[in-house]
Amino acid sequence: KGFRSYIKTHKCPLIAQLQLAQGAVGVCVAKVSEAATMVATGVAPILITSPLASADKVALLNQLLQQDGQLAVVLDSELGANLLLEHIASDAALDVVIDLDVAMGRTGMRDETQIQRVYELISNAPHLNFIGFQHYAGHVMHVQGHAERARASLALWEEIEARLQRLDLPAEIVTGGGTGTYDIDIAVAALTDLQVGSYVFMDEEYRQIGSSDSDRFEDFEVSLTIACRAISQPMQNTITLDGGYKAMASDTVPPVTDELANTKFRFAGDEHGVLLSKTGLQGVQLGDVVRLVTPHCDPTVNLHDYYWVLEDDGMIHSCWPISGRGCTW
């Protein structure tokens, strides 16, 4: 299978270019504003995976096409199709992917008659080019245990494949999946490429879901940490860091430090976090830097302006801009 790297994870054109150089068939963005960042830096091709349902966003999409952006967009409504017909210039060329849903209930279409109508609207427009389908089941990416996750994901793909057979439309691509099911969804015959994002950094939420041969999902190395400074020690078995909710985002779990055994992290407000250890924290002194594995990498990245790139010699020689930070529309 191909991989279509999801840049909402890192929001960095430099990393996107590295992924393309390593063989990615393209990149995914969640929003048209993220697409604008990537087009401006020459990243291509780009798939916008969230449907557009307003004239202003489609007008921006049209501008990006006029800048020679190699773009595809996801559709899941007749409204969206009509907006493309109205606002995309007739001399442009836009690839269109239809979004399918069977269980998640976030985006996508389920009604096959509606899917056919949207397809007909696209196929009758000379400047719109239907290229295939998307199916993403984000709710199964963090199912605990590899066997249960495989059962859940493959059951959904079985429904999608049956739907594709009934629709019988000329699809070049069927794109979807993600990091949590990367080694499961490759068994899906219809799937052409995986929309993997978090694999490039990894985080603690993903590491806790388990792999095919371990209770920890460590198929990919952690390459993203948050550098925090030890600033206070009110008690012997705790030490306070200068990183709290404003430094890292957490949906479910706290960050962890791989460098300190038997140590836990507790959020202590916007600006602070506390390391706790029953055996004491003799290894950490005031002023030391502690590197934390992020709870959830995507929203954590959105809190920062740069990556400080740690090289093999243990030194930082460069920083990379997080150009897509704040692109939430």
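I take helices (H or I, at least four residues) and strands (E, at least two) as DSSP runs, numbered from the N terminus. The model is predicted, so I kept local features only at pLDDT of at least 70 and side-chain atom pairs only at pLDDT 80 or more, while totals for chains, interfaces and linings use all residues. Residues are numbered from 1 along each chain as its sequence is written, and side-chain values use heavy atoms, with hydrogens and water left out.

**Patch.** I listed the members of this nonpolar surface patch as Y306, W308, L310 and I316, with about 460 Å² of accessible area together. Patch residues have over 30% relative accessible area and no salt bridge; like charges are joined within 9 Å, and nonpolar side chains (Val, Leu, Ile, Met, Phe, Trp, Tyr) within 5 Å. A salt bridge here is a side-chain nitrogen of Lys or Arg within 4 Å of a carboxyl oxygen of Asp or Glu. Areas are Shrake-Rupley values with a 1.4 Å probe, and for residues only the protein chains shown count as cover. I looked up W308, which sits in strand β14, and noted it as exposed at 59% relative accessible area. I use buried for under 20%, exposed for over 50% and partly exposed for in between (1.4 Å probe, protein chains only).

**T37.** I placed T37 in helix α2 (residues 32-40). T37 is buried, with a relative accessible area of 14%. Leaving aside neighbours within four places in sequence, I found T37 in contact (heavy atoms within 4.5 Å) with P13, S323, G324 and C327.

**Strand β9.** I count two strands as paired if DSSP finds at least two bridges between them. Strand β9 (residues 225-232) runs antiparallel to strand β13 (residues 289-293), with five bridges joining them; T225 has V293 as its bridge partner in β13. I noted β9 and β10 as a hairpin with five residues between them.

**Cysteines.** I searched for disulfides (cysteine sulfur atoms within 2.5 Å) and found zero. C28 is buried at 0% relative accessible area. For C319, the closest cysteine sulfur is in C12 at 10 Å, also too far for a bond. C319 is partly exposed, at 32% relative accessibility.
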